Amino acid sequence: MTEQFFTNRVALITGASSGIGRATALRLAAAGAKLGLAARNGAALQEVADQAAEAGAALPIPTDVTEPEQCRRAVEATVERFGKLDLLICSAGLSMRAYFEGSALPALERVMRVNFFGTLYATHFALPHVKRSRGSLVAISSVTGLRGIPSYGVYGASKFAIQGLYESLHLELKKHGVHVGVVSPAFVDTPLRDNVLAGDGQPWHVPPPPPFRIWPVEKCVDRIVRLIVKRRREIVLPWFVGPMLALDRLLGYGFGNWLLERKFPEESPP
Ligand SMILES: NC(=O)c1ccc[n+]([C@@H]2O[C@H](COP(=O)([O-])OP(=O)(O)OC[C@H]3O[C@@H](n4cnc5c(N)ncnc54)[C@H](OP(=O)(O)O)[C@@H]3O)[C@@H](O)[C@H]2O)c1
């Protein structure tokens, strides 16, 4: 079913040079999709394009998603090369783990610029094309975009912002046949952790280890594919986070707060 669904569909993936974006690109390419690959690292994008099953099926487009013009160019280059755009997947992102107090403003702003504005710009320019093909807009959010978590204040804020934007888009675009979906993973095994910012805006040498299970990236790609094929509005990885959050709300957040305060204490780089 997946094979048929993606054959000759055209997707633009931001953050395609690494992690979830890269693994999704390879999966969709194997299923017959044509791809625009956007991220800053052109050499890494070329490697992904070289690994795509069919020669010429993936176009590397070096892009900094914090620059609106570059997002416009990424969309246009994809449409020029493949004739249309059916699917946008916004996976470009940057993590920060630091308590808010004492965090430097430029670092906080950078996280918002990459995660939220990067998604907003790409979505803005892709929308007319995706609307024409009655396709899908997909954003990779996070469990931190569903529940406040200590030390993920601004990272979570960037993901809550994505959730809000995409929830509104879902309602605005339903009548036009556009699917709008959000994927909210917990910890996934990708190089994201190599670049987690500390409060001063520098990457942690070794960030604190995640206190919960880390999920294989292929499992996350399975969820993304399911969301697109079934045109679902939201998917959470792992599935039981949804019921846990509902229970947390039902219990007045007391137990959840107690647990999260213990699992995510204030820590500073050595
Ligand atoms: N891994 C997790 O545990 C996890 C959990 C929940 C949500 N997520 C979300 O999943 C998404 C993908 O993360 P990942 O785990 O795959 O991390 P990753 O392996 O570090 O990939 C991040 C991607 O974002 C791109 N990127 C960063 N800044 C960019 C910029 N200014 N312009 C363009 N591209 C930029 C990077 O490419 P370049 O460096 O080449 O630009 C890279 O391709 C992110 O939105 C992240 O917040 C991840």
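## Ligand shell

In this predicted model, the shell around the ligand is made up of 13 nonpolar, 17 polar and two charged residues. The residues around the ligand number 32, and those that come nearest are Gly15, Gly19, Arg40, Asn41 and Gly93. Two helices, helix 2 (19-30) and helix 5 (105-132), each contribute at least two residues to this shell.

Seven strands form an open sheet with parallel pairing, in the order 3-2-1-4-5-6-7. Strand 3 (58-62) and strand 7 (234-237) each have a single partner strand and stand at the edges, so one side of each is left without a neighbour in the sheet. On average, neighbouring strands of this sheet are turned by 15° against each other, direction ignored.

Within the sheet, strand 1 (residues 10-14) pairs with strand 2 (residues 34-39) in the parallel sense, over five bridges. In this pairing, threonine 14 is located opposite alanine 38 of strand 2. Helix 5 packs on the sheet, where it touches strand 1, strand 4 (87-90) and strand 5 (136-140). The direction of helix 5 makes about 175° with that of strand 4.

## Helix 5 and its helical partners

Two packed helices are described by the angle between their axes and the distance between the axes. For helix 4 (residues 68-82) and helix 5, the packing angle is about 30° and the axes are 8 Å apart. Helix 4 is therefore roughly parallel to helix 5, and the crossing of helix 4 past helix 5 is right-handed. On the helix 4 side, the contact consists of Pro68, Cys71, Arg72, Val75 and Val79, which meet Tyr121, Ala122, Phe125, Ala126 and His129 of helix 5. By class, the residues of this contact divide into eight nonpolar, one polar and one charged.

Helix 5 also packs with helix 6 (residues 153-173): their axes come within 9 Å and cross at roughly 20°. These two helices are therefore roughly parallel to each other, and helix 5 passes helix 6 in a right-handed crossing. Helix 5 supplies Leu108, Val111, Met112, Asn115, Phe116, Thr119 and Leu120 to the contact, and helix 6 supplies Val154, Tyr155, Ser158, Lys159, Ala161, Ile162 and Leu165. Ten nonpolar, three polar and one charged residues make up the contact of helix 5 with helix 6.

## Helix 2 and helix 7

Helix 2, which supplies at least two residues of the ligand shell, also packs with helix 7 (residues 217-229): the axes of these helices come within 9 Å and cross at roughly 60°. The crossing of helix 2 and helix 7 is right-handed. From helix 2 the contact involves Gly19, Ile20, Ala23, Thr24 and Arg27, and from helix 7 it involves Val217, Glu218, Cys220, Val221, Ile224 and Val225. The contact comprises seven nonpolar, two polar and two charged residues.

## Local backbone features

Leucine 237 and proline 238 are joined by a cis peptide bond, with omega about -5°. Proline 238 lies in the loop between strand 7 and helix 8 (241-250), and strand 7 is one of the strands at the edges of the sheet.

A further backbone feature concerns asparagine 8, a residue other than glycine whose phi has a positive value, near 65°. Asparagine 8 is placed in the loop between helix 1 (2-6) and strand 1. Strand 1, in turn, pairs with strand 2 in the parallel sense and is touched by helix 5.

Conventions. Residues numbered from 1 in each chain as written. Predicted model: local features only at pLDDT ≥ 70, side-chain atom pairs only at ≥ 80, totals over all residues. Near = placed C-beta within 6 Å. Helix = DSSP H or I, 4+ residues; strand = E, 2+ residues; numbered from the N terminus. Nonpolar A, V, L, I, M, F, W, Y, C, P; charged D, E, K, R; others polar. Axes fitted to C-alpha atoms, helices over the stretch in contact; angles between N-to-C directions. Parallel < 35°, antiparallel > 145°, perpendicular 65-115°, else oblique. Left-handed = near helix turned anticlockwise from the far one by under 90°. Contact = placed C-beta atoms within 7 Å. Pairing = 2+ DSSP bridges.
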